[in-house]
Amino acid sequence: MEKEKIVSVVNGFLINEFEVDGSEIHSQAPLKQTLGLDSLDYIDLVVIIESNFGVKLGEADFKKMITFDDFYNTIQEKIGEKELVS
């Protein structure tokens with residue numbers, strides 16, 4: 001899946017489901033500070049990612065995500081890994 005599609009889908013559900021201001025979402029923005037999610041929100045985020053992209057993100061994945069670009073790239077990598085296994 002192309003990164004532009006991932007960005008579009010992710011930003012869409014962040015704005016709609018988590019009420020994040022779309023103007024605050026850009027590739028180098030700090031992910032955790034911008035989202036301001038609590039631990040239950042992260043669980044919801046994992047479920048939404050899995051349902052939209054068919055991949056799972058774990059705690060280790062979130063630890064290495066600093067920016068939104070890291071977030072998008074991690075999802076893209078997971079999708080690529082899944083396609084290799086299929």
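**Figure 1. Helices H1 and H5 pack against each other in this predicted model.** Helix H1 covers residues 3–18. Helix H5 covers residues 68–85. The two pack at an angle of about 120°, and their axes lie 10 Å apart. H1 and H5 are therefore oblique to each other. Their crossing is right-handed. H1 brings Lys3, Ile6, Val7, Val10, Asn11 and Leu14 to the contact. H5 brings Phe68, Asp69, Phe71, Tyr72, Asn73, Ile75, Gln76 and Ile79. Sorted by class, the contact of H1 with H5 holds nine nonpolar, three polar and two charged residues.

**Figure 2. Helix H3 also meets H5.** H3 runs over residues 39–53. The axes of H3 and H5 come within 12 Å and cross at roughly 45°. That angle makes H3 oblique to H5. The crossing of H3 and H5 is right-handed. On the H3 side, the view shows Leu45, Ile49 and Phe53. They meet Phe71, Ile75, Ile79 and Lys82 of H5. By class, the contact of H3 with H5 counts six nonpolar residues, no polar ones and one charged one. Phe71, Ile75 and Ile79 also belong to the contact of H5 with H1.

**Figure 3. Thr74 sits in helix H5.** Is Thr74 buried or exposed? Thr74 has a relative accessible area of 6%, so this residue is buried. The side chain of Thr74 reaches the backbone oxygen of Asp70 at 2.8 Å. Beyond its neighbours within four places in sequence, Thr74 is in contact with Leu57, Asp61, Lys64 and Met65.

**Figure 4. Val9 and Asn11 are both placed in helix H1.** Which residues does Val9 touch, not counting those up to four places away in sequence? Val9 touches Asn52 and Phe53. Phe53 is also one of the H3 residues that meet H5. Val9 and Asn73 are 64 residues apart in sequence. From C-alpha to C-alpha, Val9 and Asn73 are 13 Å apart in space. Asn11 has a relative accessibility of 16% and therefore counts as buried. Leaving aside neighbours within four places in sequence, Asn11 is in contact with Ile25 and Tyr72. Both Asn11 and Tyr72 are listed in the contact between H1 and H5.

**Figure 5. Glu19 lies in the loop between H1 and helix H2.** Most residues other than glycine have a negative phi. Glu19 has a positive value, with phi near 55°. Is Glu19 buried or exposed? The relative accessible area of Glu19 is 71%, so this residue is exposed.

**Figure 6. Leu35 lies in helix H2.** H2 takes in residues 31–35. Leu35 has 8% relative accessibility, so Leu35 counts as buried. Leu35 touches Leu14, Val20 and Phe68, not counting residues up to four places away in sequence. Of these, Leu14 belongs to the H1 side of the contact between H1 and H5, and Phe68 to the H5 side. Where is Ile25 relative to Leu35 along the chain? Leu35 and Ile25 are ten residues apart along the chain, and their C-alpha atoms are separated by 8.9 Å. Ile25 is also in contact with Asn11.

Conventions
Residues numbered from 1 in each chain as written. Predicted model: local features only at pLDDT ≥ 70, side-chain atom pairs only at ≥ 80, totals over all residues. Heavy atoms only, no water. Helix = DSSP H or I, 4+ residues; strand = E, 2+ residues; numbered from the N terminus. Buried < 20%, exposed > 50% of the residue type's maximum accessible area, 1.4 Å probe, protein only. Polar contact = N/O pair within 3.5 Å; in protein donor to acceptor, adjacent residues only side chain to side chain. Contact = heavy atoms within 4.5 Å. Axes fitted to C-alpha atoms, helices over the stretch in contact; angles between N-to-C directions. Parallel < 35°, antiparallel > 145°, perpendicular 65-115°, else oblique. Left-handed = near helix turned anticlockwise from the far one by under 90°. Nonpolar A, V, L, I, M, F, W, Y, C, P; charged D, E, K, R; others polar.
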